[in-house]
Amino acid sequence: MKKRAVTLLLCLALAVLSVLRAYADDTVAGQEITPAGPGAFDVPCAAAILIDEDSGTVLYEKNADEARHIASITKVMTLLLTFEALEAGKISLEDYVPVSEHAYSMGGSQIWLEPGEQMTLNDMLKAICISSANDAAVAVAEFVGGSEPAFVDMMNQRAAQLGMTATHFENACGLDAETHLSTARDVATMSREMLLHHTEVRDYCSIWMDSLRDGATQLVNTNKLLKSYSGITGLKTGTTSKAGVCITASAERNGLRLIAVVLGSASGKERFAAATALLDYGFANYESVAAQLPENAPESLPVLRGTAGAVALQYDAPQRCLMPKGQGSALTVEVQLPENLPAPVAAGDAVGTIRLMNGDSELQWFSVTAAQDVEALSFGYCLAELARSLVLYGE
């Protein structure tokens, strides 16, 4: 009975330790940076958030989890799925996108597509990114998904994959619909995914003026920050009666890349003022610092009693680190590794840690992982190696 009680206590202790470790794994990856809020400074909008693009660290938030209509910022998800289809080789920029009666019927911002008209995907993307054309967005959605409802299903599935738990899409262009809702935090999440993995979107979103149909249709960018804000790289504006005036704005200076989301402003002037204030705050208070591994960081570790004498290492840490402005020189990178590893070792196993330090304070830590499998020595393996050696020696 006593033995059973001890066993139960040990099991309970292990369970508690696993929970604590899981909690640690969830928290250590984040920076020890407390987001500012309206108490520090306010911006003229209903909801907002400012994040560091590289790490996702939140630097400012205001009603960031409030569900709201987001107007044409919806098109960030439409663009994301389109660029993912391009990357997968399912479509190409030279493909001609047909225009259906449904796409033609879209109101709001448009390039006046006609049923039966065809335009290259490249030109459709220009129309979406520069002029926020609803008809082009729906035509592209139908081209990528087969129909707009099928594409909307893809949008909602992708949102779930990205952890956008408060988002539901009903269309591909952002026209007001009762349950077509998102939050500033979710918009920042999909904007970050787009900018991190499909940087070509910046080439489209940074165009101030262009034309289609051999110059017959003029395009002027709806993001006026392109003309007024240093370092602006995108991303998307939006305006409807229910959403108000919105923007997800990206900018870069000296390696620091920021995303500011503004929802529910009363006017275009206030929208751009809010985005400017958020970006100014980020650039004034933070910097992006190169996080370089020590020169003596080993490329491999010895393996004891393994089928290989060493295992290659993978350093899973970012190349840059977000720091309070002026503290970049205090950043150091520490690598902690054992002298050797016992076999077996599986690819992806955590074998050490990388610690990003600000003086004596730990900012973040990341795992050093094994880059390959190394099996443990066995009688069968040793016998096979002996036989192989005898054959080679005999030759």
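## Ground rules and overview

Two strands pair if DSSP finds at least two bridges between them. Helices (H or I, at least four residues) and strands (E, at least two) are DSSP runs, numbered from the N terminus. This is a predicted model, in which local features need pLDDT of at least 70 and side-chain atom pairs count only at pLDDT 80 or more, while totals for chains, interfaces and linings use all residues. Residues are numbered from 1 along each chain as its sequence is written, and side-chain values use heavy atoms, with hydrogens and water left out.

With that settled, here is the overall picture. The protein chain has 11 helices and 17 strands. Of its 395 residues, 45% are buried (under 20% relative accessible area; exposed is over 50% and partly exposed lies in between, with a 1.4 Å probe and protein chains only). Contact means heavy atoms within 4.5 Å; among contacts between residues at least 6 apart in sequence, 64% join residues at least 24 apart.

Six bridges join S16 to strand S14 (residues 331-336), and the two run antiparallel. Thr-332 has Met-357 of S16 as its bridge partner.

S16 is also joined to strand S17 (residues 361-370), by eight bridges and again antiparallel. Here Ala-350 is partnered by Thr-369 in S17. The hairpin of S16 and S17 has two residues between the strands, and Gly-359 takes a positive phi near 65° there.

## An open sheet with a helix on it

Next comes an open sheet of five strands, in the order S2-S1-S9-S8-S7, with antiparallel pairing. Strand S2 (58-62) and strand S7 (232-240) stand at the edges with a single partner strand each, so one side of each has no neighbour in the sheet. Direction ignored, neighbouring strands are turned by 5° against each other on average (axes are lines fitted to C-alpha atoms, for helices over the stretch in contact, and angles run from 0 to 180 degrees between N-to-C directions).

Within this sheet, strand S8 (residues 244-253) and strand S9 (residues 256-265) run antiparallel and share eight bridges. Arg-253 stands opposite Leu-256 in S9. Helix H10 (residues 268-285) packs on the sheet, touching strand S1 (47-52), S2, S7, S8 and S9, and its direction makes about 150° with that of S9.

## How H4 meets H5

Two packed helices are described by the angle between their axes and the distance between the axes. For helix H4 (residues 121-131) and helix H5 (residues 134-145), the axes come within 8 Å and cross at roughly 135°. That makes H4 oblique to H5 (under 35 degrees counts as roughly parallel, over 145 as roughly antiparallel, 65 to 115 as roughly perpendicular and the rest as oblique).

H4 contributes Leu-121, Met-124, Ala-127 and Ile-128 to the contact, and H5 contributes Ala-136, Ala-137, Ala-139 and Val-140.

## Two loop residues

Which residues does His-198 touch, not counting those up to four places away in sequence? They are Leu-80, Phe-83, Glu-84, Glu-87 and Glu-193. His-198 is found in the loop between H7 and helix H8 (201-205), and its 2% relative accessibility makes it buried.

Glu-170 sits in the loop between helix H6 (148-161) and helix H7 (184-197). At 36% relative accessibility, Glu-170 counts as partly exposed. Leaving out residues up to four places away in sequence, Glu-170 touches Val-152, Ala-177, Glu-178, Thr-179 and His-180.
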